[in-house]
Each structure stands twice: as C-alpha cells, then as structure tokens.
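Please look over the structure shown below with this briefing at hand.

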Amino acid sequence: MRDLLRRAFIENAPLKGVAMILAITLFILVRGDKETERSVRVPLAVMRPEGRVLVANPPGEVEVTLRGPWTRIKRLNPKDVDPIVVDLTKIDDGEVTLEESMVHVPAGLKVMSVKPARFAVAFEHVKKVPVVPEPAGAPADGYVVSKITADPPVVAVHGQRSVLEGLHDLRTLPVPVATKRVSFRAQVGLAQLPRGATAEEDLIEVEVQIVEEAAAKTLGSVPVETRPPEGVPRPPNLEVIPAKVEVVLRGGAAAMRQVVPDEVKAIVELHPEDMAAKQRRARVTVEGLPEGLAAEVHPKEVVLRPKRANEQQ
C-alpha cells in the first residue's frame with residue numbers, strides 16, 4: 001500500500017505538477033468568467049433646498065444589487081461605488097424614484113436593482129390657524145358669556161402639508177367660566193395638536209365678557225295716570241287719549257323676574273299750562289321698575305284735553 005501511494009505521488013511528478021497547475025488555471029478562468037451578484041450598501045447624498053426644512057427625511061443609504069464576473073465581484077470594495085446624489089432643490093412634497101442609472105459603478109459591473117426604489121419627501125409648511133377659546137361650565141344664574149376672544153387670534157403652525165390641510169382651528173384648553181358674574185382675562189395653553197404639527201405660541205390670553213342675561217317683557221293696556229304739581233288738585237275734566245298704553249320692558253333676566261305688573265305705572269306729569277290748554281301732547285314716563293330695566297312706551301305721547309260737555313254728563 002505504501003509503495004502504491006509513493007508511486008502515485010512521486011512517479012512522473014513533473015508531469016503531474018503541470019497537470020495540476022493547468023487544472024487550477026482552468027478552474028479560475030471558468031469561475032472568473034461566470035457572472036454572479038452581490039449586494040452592497042450605498043450612501044444617499046441629498047441636495048437640500050436652502051431655507052426649507054425636511055420633515056420626512058430620505059434614507060441615509062440604500063441597498064444596490066450588482067451583477068458581473070465573479071472575479072470583479074469578489075474584489076469589489078463597497079467604497080468603489082459612488083454615493084447616489086438626489087437633488088431635492090427643484091421638487092416639492094411627493095415621492096422620489098431612484099433609477100439604476102443614478103448608480104455609478106466600476107466598469108464591468110451592472111446595476112440590477114436599488115432598494116428601496118422610491119421614498120417619500122415632505123417639507124415643513126406654515127399655516128396661520130385661528131384660535132378658538134373653549135369655555136368650560138356656565139356663568140351664574142341670570143348671566144351669559146356675551147363674547148370670548150383670543151390674543152393672538154391666529155397662530156402660525158408648522159408641519160407637513162397633509163397635516164396642515166386638515167387643521168382648520170386651534171382649540172385652547174378649557175377656560176373655566178362656572179359661576180362667574182363679571183368679565184375676566186386668563187392665560188391658557190393650546191389643546192394637543194395633531195402629530196407632526198407645532199405651534200409658534202404656547203400660551204393664549206383669553207378675554208371672557210360676561211353680562212347679565214337679556215330679557216324682554218310686554219305689559220299691555222297699562223292705564224295712564226296724570227300727576228298734577230304738588231299741592232294742585234287733579235283736574236276732574238281732563239281727558240287722556242289714549243287712556244292706556246303698551247309698556248315694553250328690557251333688561252337683565254334677574255331684574256325682570258322682580259317685576260310686579262300692578263306696580264308698573266304709566267305717568268304723565270301735569271304742568272300749570274295743561275290745566276287751561278284746550279289740547280296738548282304730553283310725554284309718558286314709567287315708574288315702579290326694578291333697577292336695571294329700561295322701558296319703551298307705545299305710544300310715547302298722549303293727548304291731553306278737557307272733556308266735552310256731553311262727555312262730562
């Protein structure tokens with residue numbers, strides 16, 4: 001057995017060595033010409049527009065699949081592949097596609113694919129959005145919130161266009177108005193914004209105007225009373241036309257609830273000239289109202305005249 005092995009390796013050694021070299025050379029030539037594929041990570045170089053902020057950033061690198069001879073692929077250094085340059089200075093929000101032609105590789109290699117082949121780009125936009133104060137609770141009984149304003153009335157909001165398009169107003173945190181009877185000012189924050197949006201203001205000054213609740217009431221057919229000067233008797237033959245008027249009351253609801261209809265008087269103040277005049281017009285005033293109410297009289301004036309002889313009988 002030992003002799004057999006010795007003859008196999010030693011006998012005709014030069015010839016066998018040459019055959020071995022030829023076999024290895026042929027293997028290398030055949031393998032070197034065979035194409036294969038390899039994936040490498042390639043940096044992405046982005047040209048950003050001046051003065052604009054990207055809120056959806058592109059990937060830092062992409063995966064590029066190359067194809068070529070085995071020997072070239074094996075010797076390839078990933079740094080031999082130039083970074084892919086993407087110019088964003090002339091595009092707006094949208095999608096960018098990476099073409100194989102954008103990848104520059106050493107000679108003899110071919111780009112098969114780029115992953116991801118596309119990516120989204122979104123820039124920061126600014127939108128001025130009105131602020132809407134959010135009152136919480138109700139004022140004291142008989143009072144209402146007549147007006148509520150925000151300072152500033154609008155706030156600039158930054159974010160993606162898709163986010164800002166759906167943003168129509170900015171709500172504040174609740175402004176407590178429960179049991180309030182007088183106007184007031186308060187500082188409150190903004191309610192939570194949609195994800196990806198930021199406001200230039202953190203605090204909003206809110207002014208709340210609280211007034212007494214308005215009410216109206218009509219008293220029809222209120223008798224008109226004449227009031228002569230002090231110490232002068234009321235003329236027995238003086239006629240008032242019309243004898244009754246309509247009184248419209250306006251004011252706060254709390255004061256209106258205190259009105260006693262029988263205590264509301266329509267008064268005409270008499271003057272000395274009214275006693276002798278054949279006919280004159282006189283203004284009607286209203287008495288017996290709680291404080292804070294105003295009255296309108298219809299008609300505002302009545303006619304004063306002496307009763308005719310046949311009317312006095």
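Strand β17, which covers residues 244-252, pairs with β21 in the antiparallel sense over six bridges, and within this pairing L249 has A295 of β21 as its bridge partner. The model is a predicted one, in which local features need pLDDT of at least 70 and side-chain atom pairs count only at pLDDT 80 or more, while totals for chains, interfaces and linings use all residues. Residues are numbered from 1 along each chain as its sequence is written, and side-chain values use heavy atoms, with hydrogens and water left out.

**The five-strand sheet**
- Strands β20-β18-β15-β17-β21, in that order, form an open sheet with mixed pairing (two strands pair if DSSP finds at least two bridges between them; strands are DSSP runs of E with at least two residues, numbered from the N terminus).
- Because β20 (285-287) and β21 (293-298) stand at the edges with a single partner strand each, one side of each is left without a neighbour in the sheet.
- From one strand to the next, the twist averages 40°.

**The four-strand sheet**
- Another open sheet, also with mixed pairing, has four strands in the order β4-β1-β3-β6.
- Its edge strands, β4 (84-87) and β6 (110-115), each pair on one side only.
- Strand β1 (residues 35-47) pairs with β4 in the parallel sense over four bridges, and L44 stands opposite I84 in β4.

**A loop residue**
- V260 lies in the loop between α5 (253-256) and β18 (265-269), and its C-alpha is 8.2 Å from that of G288, although the two are 28 residues apart in sequence.

Key
Axes fitted to C-alpha atoms, helices over the stretch in contact; angles between N-to-C directions.
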